Amino acid sequence: MPSLLVITYHFFFQVVVILATYRLLWPLFRRLAQVQVVAMMVAGFLLGPSVLGWLWPAGQRWLFPTKLTLGSETFTHPNLTVIYVVGQLGLVLYMFLVGASFKLDILTAHWRQAGVTSAAGIGVPLVLGGILGAWMVSRGGYFTDNVASWQGGLFVAAAVAITAFPMLAWIVYDSGLLNTRLGTVSLSCAAFDDACSWVLLATVVATAKGSVSGAVLAIGGGLTYLLFMVYLGRPLLARLETWSPPRAAIERTGGLPIAHTSVVLLVVLSASCFTDFVGIYSVFGAFVAGAVMPRGPLLTQIREHFEPLTAYLLIPAFFIYSGLNTQLTLILDGPTLLMAAIVLVVSFSAKFGAVGLAARWQGMSRLEAASMGALANARGLMELILLNIGFEAGLISGKLYTILALMTIVTTLVATPLQRQFERRLRKAGSKFGAAGEEPLAAGGVEGAPAVAVPGR
């Protein structure tokens, strides 16, 4: 067993490699109209067994070991555990920051569009994904033996229906869409679709283990938590503003009060712990905690101080963990490659078509509705979380994990350039996306300029 010192310096070196790889990739991806988180996701894939492991197997196994053999027994390597925990902490803090930035006023103004579009964005992919998943179970090799056809159908349905809320939030920030109807409704749809996907996943995991009570606990516990935070947690947290130092002092010094920050972290981590325990997973607990936090200079300072550390140090650890579970060699045969192509086509067309048509029906313009459909395919973070849970629960094989991971990368890579293409066409026509939909460009507006400044560009 490696000593704590060895585990520590090896982890530091792993972080150096992860960050260096991502920074080397970023200039290329910026030219391809991508956001930084996509470069991080691809960096995790490149450092895994599919690319680095193929080019330099011994070096990849030394750099990112996954197993430790002691005598006749094999264990998870301590460094893999460290990477996993750090990545989970990054996800929790990032989802809190997303919730803290959520524009509830714009959502309230467009609740009808968000509701109908969300229903279409989850309904159509559920049907198509469910049929595809049941078919994959019957063919064998994609799920483990204890998974029934309906369970496999629900799992693939969740994987097809999901839109990565954290990934989409990053795209919305980076594209200057945060204060627009397009950005807010897209985030609302993603939140609803993700919640439904997690309920499906919890049902599959619980029933595969022979425990229907697990699904009941996930639904009941999640609803209880949401009601508590909205009706009790929100008023209590509002007292942070009255307890905070004077507004002028915070704005003048840019200080971050230690006591107040400690309370916020206590709330976020407690919420994440509870939602993890009931089975709807920590990221949703953190998002709700951020959404109910009182808006003001204190929260602004917390966001400004936490964002760089969370986005550019902690989150990359999650991507490398996911990359270590992706193995291209498992799908390099004709039938499996054909299945991968089918999964990709169904996943992209189901989200783009259903969301785009529903948004158009709800009164959005053609280009705004098309942008909604494009953004709905940003699966990134949440899809990888779902895959990791399914893989660790013994539901899916490495073959299906790799197929869905590749689908995640491709659909996420396409989402931003496609949306920006629609936006460029709109700007050429003299309009832009705004809080009420399409709005005229201001005099002297620059084509392609983001609507708001965004952190971390």
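**Figure 1. Antiparallel pairing of strands S1 and S2 in the predicted model.** In this predicted model, strand S1 (residues 67-70) and strand S2 (residues 73-76) are paired in the antiparallel sense, and 4 bridges connect them. Thr69 lies opposite Thr74 of S2. The hairpin of S1 and S2 has 2 residues between the strands, and Gly71 in this hairpin adopts a positive phi near 65°.

**Figure 2. Antiparallel pairing of strands S3 and S4.** Over 4 bridges, strand S3 (residues 431-434) pairs with strand S4 (residues 437-440) in the antiparallel sense. Among the facing residues, Ser431 stands opposite Pro440 in S4, while Phe433 has Glu438 of S4 as its bridge partner.

**Figure 3. Packing of helix H8 against helix H18.** Helix H8 (residues 149-161) packs on helix H18 (residues 380-392) at an angle of about 160°, and their axes lie 9 Å apart. Because angles over 145 degrees count as roughly antiparallel, H8 is described as roughly antiparallel to H18. The two helices, H8 and H18, cross in the left-handed sense. H8 contributes Phe155, Ala158 and Ala159 to the contact, and H18 contributes Glu383, Leu386, Leu387 and Gly390. By class, the residues in the contact of H8 with H18 comprise 5 nonpolar, 1 polar and 1 charged.

**Figure 4. Oblique crossing of helices H13 and H14.** Helix H13 (residues 258-278) and helix H14 (residues 282-291) cross at roughly 140°, with axes that come within 7 Å. This angle makes H13 oblique to H14. The crossing of H13 and H14 is right-handed. On the H13 side, the contact is formed by Val267, Val268, Ala271, Ser272, Thr275 and Asp276; on the H14 side, by Ser282, Gly285, Ala286 and Ala289. The contact of H13 with H14 consists of 5 nonpolar, 4 polar and 1 charged residues.

**Figure 5. Packing of helix H17 against helix H19.** The axes of helix H17 (residues 366-375) and helix H19 (residues 398-428) are 8 Å apart, and the helices pack at an angle of about 170°. H17 is therefore roughly antiparallel to H19. From H17, Arg366, Leu367, Ala370, Ser371, Ala374 and Leu375 meet Ala415, Leu418, Gln419, Phe422, Arg425 and Leu426 of H19. In the contact of H17 with H19, 8 residues are nonpolar, 2 are polar and 2 are charged.

Figure 6. Helix H16 covers residues 334-361, and its 28 residues should span 40 Å at 1.5 Å a residue. The C-alpha atoms at the ends of H16 are 40 Å apart, which agrees with that expectation.

Terms used:
Residues are numbered from 1 along each chain as its sequence is written. This is a predicted model: local features need pLDDT of at least 70, side-chain atom pairs count only at pLDDT 80 or more; totals for chains, interfaces and linings use all residues. Side-chain values use heavy atoms; hydrogens and water are left out. The expected span of a helix is 1.5 Å times one less than its number of residues. Axes are lines fitted to C-alpha atoms, for helices over the stretch in contact, and angles run from 0 to 180 degrees between N-to-C directions. Angles under 35 degrees count as roughly parallel, over 145 as roughly antiparallel, 65 to 115 as roughly perpendicular and the rest as oblique. A crossing is left-handed if the near helix is turned anticlockwise from the far one by less than a right angle, and right-handed if clockwise. Contact means heavy atoms within 4.5 Å. Ala, Val, Leu, Ile, Met, Phe, Trp, Tyr, Cys and Pro count as nonpolar, Asp, Glu, Lys and Arg as charged, and the others, Gly among them, as polar. Two strands pair if DSSP finds at least two bridges between them.
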